[in-house]
Protein chains: 2
Amino acid sequence: MKVYKIPEATVMRLSIYSRHLQHLRVEGVETVSSEEIANGVGVSSAQVRKDLAYFGEFGTRGVGYKVEELLGHLMKILGLDQKWNVIMIGAGKLGSALALYEGFRERGFVICAILDADEKKVGEKLTDVIIEPLGVLDARVKEHSINIGIVTVPAVAAQEVTDRLVASGVKAILNFSPRVLKVPSGIVLRNVDLSVNLEVLSFNLSFNR
Amino acid sequence: MKVYKIPEATVMRLSIYSRHLQHLRVEGVETVSSEEIANGVGVSSAQVRKDLAYFGEFGTRGVGYKVEELLGHLMKILGLDQKWNVIMIGAGKLGSALALYEGFRERGFVICAILDADEKKVGEKLTDVIIEPLGVLDARVKEHSINIGIVTVPAVAAQEVTDRLVASGVKAILNFSPRVLKVPSGIVLRNVDLSVNLEVLSFNLSFNR
DNA sequence: GACTGTGAAGCCATTCACAGCT
DNA sequence: AGCTGTGAATGGCTTCACAGTC
């Protein structure tokens with residue numbers, strides 16, 4: 001199977017499969033079928049096999065997949081066989097929380113610089129990182145070879161901050177601000193819009209009932 | 001156009017359109033075309049018109065849409081013409097931050113109870129809400145007519161907490177824990193997986209370069 | 001017998017393109 | 001002339017179903 005374009009939905013599921021496999025490994029499971037993975041994460045077994053097929057043949061017919069081995073492949077595919085240095089811009093409520101959140105580090109993402117435009121915040125400490133002013137952006141990106149930026153500034157500042165991240169050489173941006181951002185092609189951008197998610201819920205509760 | 005099943009992607013975009021319209025309103029814009037909305041939020045104009053068409057005819061041919069009016073329709077559709085009381089389970093790093101985050105309240109979601117299993121956290125205050133033990137779940141849900149729950153507990157506790165939310169009568173759940181949850185049909189569930197989003201970035205940075 | 005890997009079919013969302021209004 | 005609303009065409013993801021392998 002030769003494919004050059006991988007559906008984004010597939011990538012997201014691979015991430016979920018990989019975490020489920022970690023869970024299975026902790027429980028001492030050594031071999032798993034696509035059906036079992038599927039049940040564990042709430043998709044169809046055909047979906048699991050199709051997703052994996054984009055990247056190779058990892059299983060054994062009649063048997064299934066070796067948990068340890070498949071997990072290794074997935075971590076490699078997702079780029080999690082290395083650590084990623086991350087810079088965060090915006091140390092407000094959301095930014096501070098995300099900086100303190102252990103989930104990122106557990107998967108190899110190390111927040112090694114946190115910047116904020118607010119002078120009152122500069123100097124404060126989150127985990128072991130001191131909040132610094134925006135001026136040091138270029139320096140920190142170079143110093144830590146940072147590829148990934150997380151934007152948690154208010155909507156009005158989001159585009160400007162993004163432009164500065166791109167200018168400093170950051171290649172991928174995770175945007176938590178409720179604003180649609182423009183980035184040059186070649187820069188990877190993802191938006192996590194917390195309100196949108198709640199609103200999908202309220203829509204479903206309101207509509208058709 | 002008679003449709004009973006609305007694509008989830010459409011609902012998410014409606015939420016984004018509505019925020020863009022709020023933005024336009026603040027800027028004093030009175031009329032807007034599908035093309036202008038499209039440029040503002042990064043989709044095609046056909047997409048905008050198709051999304052709106054699921055719910056009615058809101059524009060004027062040759063002219064466009066009245067910002068104020070369309071915004072009103074969208075807020076109604078999304079269920080944002082009312083306030084929603086929300087209960088949050090888990091007052092760890094992420095939970096506390098989300099509770100403090102103003103973005104939810106701005107869109108009408110009021111976190112009016114925060115519970116945590118950890119006795120050490122009980123009694124602490126986040127905004128004006130005091131963290132309480134899990135035992136008061138049923139009481140709070142009834143008391144505030146809560147329909148929506150936010151789960152920010154560690155993965156191991158997520159399913160149990162979800163079951164309790166469902167049992168207490170909550171109809172929609174926003175899950176921030178990195179675990180796939182099972183809920184009875186009829187319960188609306190959405191997952192916001194923060195790590196998955198970062199991993200889509202690392203995948204894109206690693207794969208094919 | 002069990003389970004993977006995969007072409008084909010089915011389904012759903014997006015884009016096209018134009019008729020219909022203003 | 002300009003822009004919406006929408007059936008038809010397209011494209012892409014998911015499911016089906018089964019050949020291939022252990």
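How far is a phosphate oxygen of DNA strand D from an N or O atom in the side chain of Glu57(B)?

Modeller: The distance is 3.2 Å, from a phosphate oxygen of DNA strand D to an N or O atom in the side chain of Glu57(B). Before going further, residues are numbered from 1 along each chain as its sequence is written, while chains are lettered from A and ligands numbered from 1 in the order in which they are written. The model is predicted, with local features needing pLDDT of at least 70, side-chain atom pairs counting only at pLDDT 80 or more, and totals for chains, interfaces and linings using all residues, and side-chain values rest on heavy atoms, with hydrogens and water left out.

The pair falls under the heading of polar contacts (N or O atoms within 3.5 Å; within protein, one must be able to donate a hydrogen and the other to accept it, and residues adjacent in sequence count only if both atoms are side-chain atoms). At Phe58(B) a backbone N or O atom lies 3.2 Å from a phosphate oxygen of DNA strand D. Chain A takes part too, with an N or O atom in the side chain of Gln47(A) 3.3 Å from a sugar or linking oxygen of DNA strand D. The elements that give two or more residues to this surface are α1 (8–26) and α3 (45–53) of chain A together with α3 (45–53) of chain B, where helices (H or I, at least four residues) and strands (E, at least two) are DSSP runs numbered from the N terminus. Of these, α3(A) gives the most, with 4 residues.

Taking as near any residue with a heavy atom within 4 Å of the strand, 24 residues surround DNA strand D, and the closest are Arg13(A), Ser34(B), Arg49(B), Arg61(B) and Tyr65(B). By class, that surface has 7 nonpolar, 9 polar and 8 charged residues, with Ala, Val, Leu, Ile, Met, Phe, Trp, Tyr, Cys and Pro counted as nonpolar, Asp, Glu, Lys and Arg as charged, and the others, Gly among them, as polar.

DNA strand C has 23 residues around it, of which Ser34(A), Arg49(A), Arg61(A), Tyr65(A) and Arg13(B) come nearest. Here α3(B) makes the largest share of the surface, 4 residues. A backbone N or O atom of Gly62(A) lies 3.0 Å from a base oxygen of DNA strand C.

As for how the two protein chains are arranged, chain B can be laid on chain A with an RMSD of 0.1 Å by a turn of 180° and a shift of 0.0 Å along the axis, the superposition being by least squares on the C-alpha atoms of residues with pLDDT of at least 70 in both copies. That is the relation of a two-fold axis. Among the residues of chain B, Ala97(B) comes closest to the rotation axis, at 2.6 Å (C-alpha). The same surface serves both copies, since 100% of the contact residues of chain B recur in chain A.

In that contact (heavy atoms within 4.5 Å), 64 residues come from chain B and 64 residues from chain A. The area buried between them, meaning the accessible area (1.4 Å probe) that two parts lose on being put together, summed over both, is about 5,600 Å², of which carbon and sulfur atoms give 70%. Leu198(B), Glu199(B) and Leu201(B) supply 12% of what chain B buries against chain A, more than any other three residues.

Between chain B and chain A there are 6 salt bridges, each a side-chain nitrogen of Lys or Arg within 4 Å of a carboxyl oxygen of Asp or Glu. In one of them Glu199(B) pairs with Arg107(A), the closest N and O atoms being 2.6 Å apart. Lys93(B) forms another salt bridge with Glu102(A), at 2.9 Å between the closest N and O atoms, and this pair crosses from helix α5 of chain B to the loop between α5 (93–100) and α6 (103–106) of chain A.
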